[in-house]
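Hi there,

Here is the structure I promised to pass on to you. Have a look at it first, and then read my notes below.

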Amino acid sequence: MGLFKKNPFGHYQFLKKWLIRIFGVLTHRRYRGYNELQIEGSEIIKNLPDTNVLFVSNHQTYFADVTAMFHVFNASLSGRVDSIKNVGYIWQPKMNIYYVAAKETMRAGLLARIMAYAGAITVERTWRAKGQEVKRDVNPNDTQNIGKALDDGWVITFPQGTTKPFKPIRKGTAHIIKNHKPIVIPIVIDGFRRSFDKKGLRIKKRGILQTFQIKKPLEFDYENDSIEDISTRLTDHQKRKNHYNIAPSISPNGNEIAIFSDVDGIMNLLLINSLDGKIIKKVIEGERNSEFEELHVLKPGITWSPDGK
């Protein structure tokens, strides 16, 4: 009976498990070998309930982002902390992880169709189709399927709906949160656009630091928060003081700290006071364009000269 067990979408669990195992083994070195995936906050994953969890993330490639999440989630559930060392964790994967993806993308070739079987909830884009701008209503079957996936397990979504940087959050995600009241976990990734091509299949560069930060659950007042309120909470890092700060390095005299931070919305190298945390100056500023979305770092370390200058 176990061989023929299906999930709520009619997919055979036995076949899905083997697809996850095979893809997990084949892709592991893309994050631990050719490049290095630095993880933060994986302890949060271990304490989540088995169902009705929604992960909201920025989006940099079609497939590499989701693949990394399958690795991190399963490694964390197996007891690893901020690490995907030893791919053995993928042998018994969590079977009820789903991800929202454009129907057009997941039908573009045999490989995409196979990957869709591993957990894709395909939806029709409301703003773009076959490379052309369109404007159409949300397909109610799409939102029903996302709700069905939340009832069964965890769902990964990319509320910007595109791999292009700095696009606004689409309100469909806020509607899902309002209606289904899931636990919402923000994820911030970086370095994937530099590591892989747009589809996330081909390795473009090696030796890139990829960062993967899992943040604490967002808090909502489901009874009183409007769709606008929820959308704001998904993006307003300044209000929530929920920033990405990495690689702090204390100056030789102990008075200053150099740190990579997105407190201004993009990643910059900042110099801050070690006593009160106030920003002294911006040493290097990131840029906002599709080729250089943020200030990227190849290795997670900042070194001071002996004189502290």
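**What I found**

Of the contacts (heavy atoms within 4.5 Å) between residues at least 6 apart in the chain's sequence, 64% join residues at least 24 apart. Please keep in mind that this is a predicted model, where local features need pLDDT of at least 70, side-chain atom pairs count only at pLDDT 80 or more, and totals for chains, interfaces and linings use all residues. Residues are numbered from 1 along each chain as its sequence is written, and side-chain values use heavy atoms, with hydrogens and water left out.

The chain has 10 helices and 13 strands; these are DSSP runs numbered from the N terminus, with helices being H or I of at least four residues and strands E of at least two. Of its 309 residues, 49% are buried. Here buried means under 20% relative accessible area, exposed means over 50%, and partly exposed is in between, using a 1.4 Å probe and protein chains only.

Running over residues 140-152, helix 6 reaches 19 Å from its first C-alpha to its last, close to the 18 Å expected (1.5 Å times one less than its number of residues). Its buried residues are Asp-142, Ile-146, Gly-147, Ala-149 and Leu-150. Seen down the axis, they fall within an arc of 160 degrees, so they line one face of helix 6; the arc is that of the directions from the helix axis to the C-beta atoms. The face turned away from that buried side carries the exposed Gln-144 and Asp-151. Among the elements covering the buried residues are strand 2 (53-57), helix 4 (103-106) and helix 7 (172-180).

Next comes helix 3. Since 13 of its 14 residues are buried, helix 3 is largely enclosed by the rest of the structure. Just after helix 3, Gly-79 takes a positive phi of about 105 degrees.

Helix 1 brings Leu-15, Lys-16, Leu-19 and Phe-23 to the contact, and helix 5 brings Leu-111, Ile-114, Met-115 and Tyr-117.

Finally, look at Asn-253, in the loop between strand 10 (245-250) and strand 11 (256-261). Asn-253 is exposed, at 53% relative accessible area.

Enjoy exploring!
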